[in-house]
Amino acid sequence: MTEQTPGTREASSSITRTKDVDTVIHQNDDTAEGEHGGLRKHLTARDLIGFGVGIVIGTGIFTLTGTSARNFAGPGVVISFLLAGVVSLLAALCYAELAAAVPTAGSSYTYAYTTIGEIFAWVIAWDLILEFALGAAVVSRGWSGYLQEAFGLPTSLFGEGSVVNLGAVAIALVLGIVAAVGIRESKLVTNLLVVIKVAVCIFVIAVGAFFIKAANYSPFVPPSRPMSSELAATGLKQPLWQFLTGADPTAFGLTGIFVAAGIVFFAYSGFEAVANLGEETKEPAKDMPKGLIGTLVLCTVLYVGVCLVLTGMVKYTGLSEGAPISDAFKQVGLGWAGILIGIAAVAGLSSVILVDIVAMGRIGFALCRDGLLPASVGKVSPRFRTPMRITLGTTAVVCLLGAFIPLTALAEMVSIGTLFAFLVVSIAVAVLRRTKPKMHRPFRTPFVPVLPIISGLACLVLMASLAVETWLRFLVWLALGLIIYFGYGRKHSRLAPGNLVATGYGRRVDRPDPDPEPV
């Protein structure tokens with residue numbers, strides 16, 4: 001007969017059943033038995049910041065700066081980056097409380113599971129898989145394009161003109177193997193790539209500062225005017241708020257700054273991947289907050305510095321939309337600096353792909369451990385202590401996407417997935433404060449519930465700036481996820497009736513896995 005565990009809602013067929021926080025923490029113990037025992041702990045706060053900067057600083061700062069400044073905000077793009085950074089920092093404060101108290105491989109998925117219910121946890125996990133898979137595939141194609149341009153490789157195999165993008169497949173496969181072999185190897189590669197691209201960002205700021213002309217900053221926020229017909233979106237391509245209100249699209253001014261903030265938010269996406277590494281952190285109680293907040297502060301400082309220098313070197317109307325930083329140095333007579341910018345871009349893209357794949361593996365591992373996906377898929381390799389099968393499986397998906405599908409039009413889905421995750425985490429902090437007031441919290445988000453409410457509202461505002469077609473694609477993806485959940489996950493969940501037995505600490509599945517051999 002099934003007994004109840006203190007602190008856990010009675011498991012039933014209800015899709016809003018929740019997990020007990022203490023049970024989650026016990027699952028994360030790296031001495032736990034079984035193929036879904038804990039992951040090996042190798043990471044420190046410095047490593048977490050390395051992973052965070054590795055995934056955050058990528059294509060965003062190298063491409064979005066020119067587009068946003070030239071078409072929407074002018075030099076005021078600096079304010080846009082600050083706004084996007086503040087929204088991310090608010091979410092990071094919420095993540096920090098939960099990641100320190102409940103260090104787990106599932107991050108916002110597990111936070112939702114312990115607060116608002118299983119169905120919402122599944123939705124957020126499905127959303128994160130989309131975010132990281134799409135992000136890795138898009139970036140792998142970008143990496144291939146940079147490589148083709150730098151070395152004159154055949155366009156039939158590299159870059160967007162290829163039939164089968166061999167370059168995208170190659171980089172995703174190599175970095176997928178690195179992610180599968182071990183977290184220690186992943187952190188070494190990531191930290192090396194991060195050092196390279198941070199050094200080049202500092203180079204851009206330090207050298208570019210000597211070529212700043214004050215006249216280029218005037219006006220800092222160009223006056224608002226109707227958006228050009230080439231840029232004005234109509235139909236399903238227009239932002240959701242514009243579609244709902246029927247307002248005429250405008251560029252520059254205050255509206256332009258907010259539109260640009262929604263666009264450049266992509267440059268901050270991915271930092272939440274740090275929260276997925278809680279189980280592999282030596283001292284998560286103090287290192288997770290440092291890793292999350294440190295990542296956002298460092299990236300925001302670098303972003304603002306690069307934007308200030310870039311818009312000061314060249315008038316915003318003359319910025320390149322494809323390669324604004326390298327082109328700006330060419331315009332001031334420093335064409336050789338473009339080589340260094342190219343190195344930074346390749347390093348930046350490589351680290352983004354690696355951390356995306358690592359994060360996908362950890363989310364998949366958490367889903368398999370909870371029974372929402374087949375348990376055998378998420379087994380931990382006894383040799384490498386990583387979820388090898390799910391990591392290699394997600395790598396194969398990224399390779400296929402990167403090989404055949406141009407994903408430029410879907411890039412906004414990375415942003416909507418990220419913002420949706422931030423929204424759920426903000427809600428989870430406020431809910432847990434009420435339902436688990438005595439839970440040990442090594443780090444406490446300040447001004448609860450005010451700060452989480454502001455964080456959630458800010459996420460909704462930026463989500464409303466994304467195109468209607470992005471929302472429709474996002475809803476289709478979520479619908480597919482719900483079909484899988486109701487077809488498999490709901491019945492096989494460890495909290496489903498018949499899957500629970502009383503244990504000394506929590507609940508375990510009472511039927512053995514039919515395929516217990518190691519990976």
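**Exercise 1. Determine in which helix threonine 391 is placed, and whether threonine 391 counts as buried or exposed.**

Step 1. Threonine 391 has its place in helix 14, which covers residues 388-404; helices here are DSSP runs of H or I with at least four residues, strands are runs of E with at least two, and both are numbered from the N terminus. The structure is a predicted model, in which local features need pLDDT of at least 70 and side-chain atom pairs count only at pLDDT 80 or more, while totals for chains, interfaces and linings use all residues. Residues are numbered from 1 along each chain as its sequence is written, and side-chain values use heavy atoms, with hydrogens and water left out.

Step 2. The relative accessibility of threonine 391 is 0%, and therefore this residue counts as buried; buried means under 20% relative accessible area, exposed means over 50%, and partly exposed lies in between, with a 1.4 Å probe and protein chains only.

Step 3. When neighbours within four places in sequence are left aside, threonine 391 is in contact (heavy atoms within 4.5 Å) with Gly176, Ala179, Ala180, Ile357, Gly361 and Arg362.

**Exercise 2. Describe the surroundings of glycine 66, and find which residues glycine 66 touches.**

Step 1. Glycine 66 lies in helix 3, residues 59-73, and because its relative accessibility is 0%, glycine 66 counts as buried.

Step 2. If residues up to four places away in sequence are not counted, glycine 66 touches Leu319, Ser320 and Pro324.

Step 3. Tyrosine 316 is 250 residues away from glycine 66 along the chain, yet the C-alpha atoms of these two residues are separated by 7.7 Å.

**Exercise 3. Work out how helix 11 and helix 12 pack, and which residues make the contact.**

Step 1. Helix 11 (residues 284-313) packs with helix 12 at an angle of about 40°, and their axes are 10 Å apart; the axes are lines fitted to C-alpha atoms, for helices over the stretch in contact, and angles run from 0 to 180 degrees between N-to-C directions. That angle makes helix 11 oblique to helix 12, given that angles under 35 degrees count as roughly parallel, over 145 as roughly antiparallel, 65 to 115 as roughly perpendicular and the rest as oblique.

Step 2. Helix 11 contributes Val306, Leu310 and Met313 to the contact, and helix 12 contributes Pro324, Ile325, Ala328 and Phe329. Sorted by class, this contact of helix 11 with helix 12 has seven nonpolar, no polar and no charged residues; Ala, Val, Leu, Ile, Met, Phe, Trp, Tyr, Cys and Pro count as nonpolar, Asp, Glu, Lys and Arg as charged, and the others, Gly among them, as polar.

Step 3. In helix 12, residues 324-331, the buried residues are Pro324, Ile325, Ser326, Ala328 and Phe329, and helix 12 is followed by glycine 333, whose phi is positive, near 90°.

**Exercise 4. Find at what angle helix 2 and helix 13 pack, and classify the residues of their contact.**

Step 1. Helix 2 (residues 45-56) and helix 13 (residues 337-369) pack at about 115°, with axes 7 Å apart, and the two helices are therefore roughly perpendicular to each other.

Step 2. Helix 2 and helix 13 form a left-handed crossing. Their contact is made by Phe51, Gly54 and Ile55 from helix 2, together with Gly348, Ser351, Val352, Val355 and Asp356 from helix 13. The residues of this contact of helix 2 with helix 13 divide into four nonpolar, three polar and one charged.

Terms used: Left-handed = near helix turned anticlockwise from the far one by under 90°.
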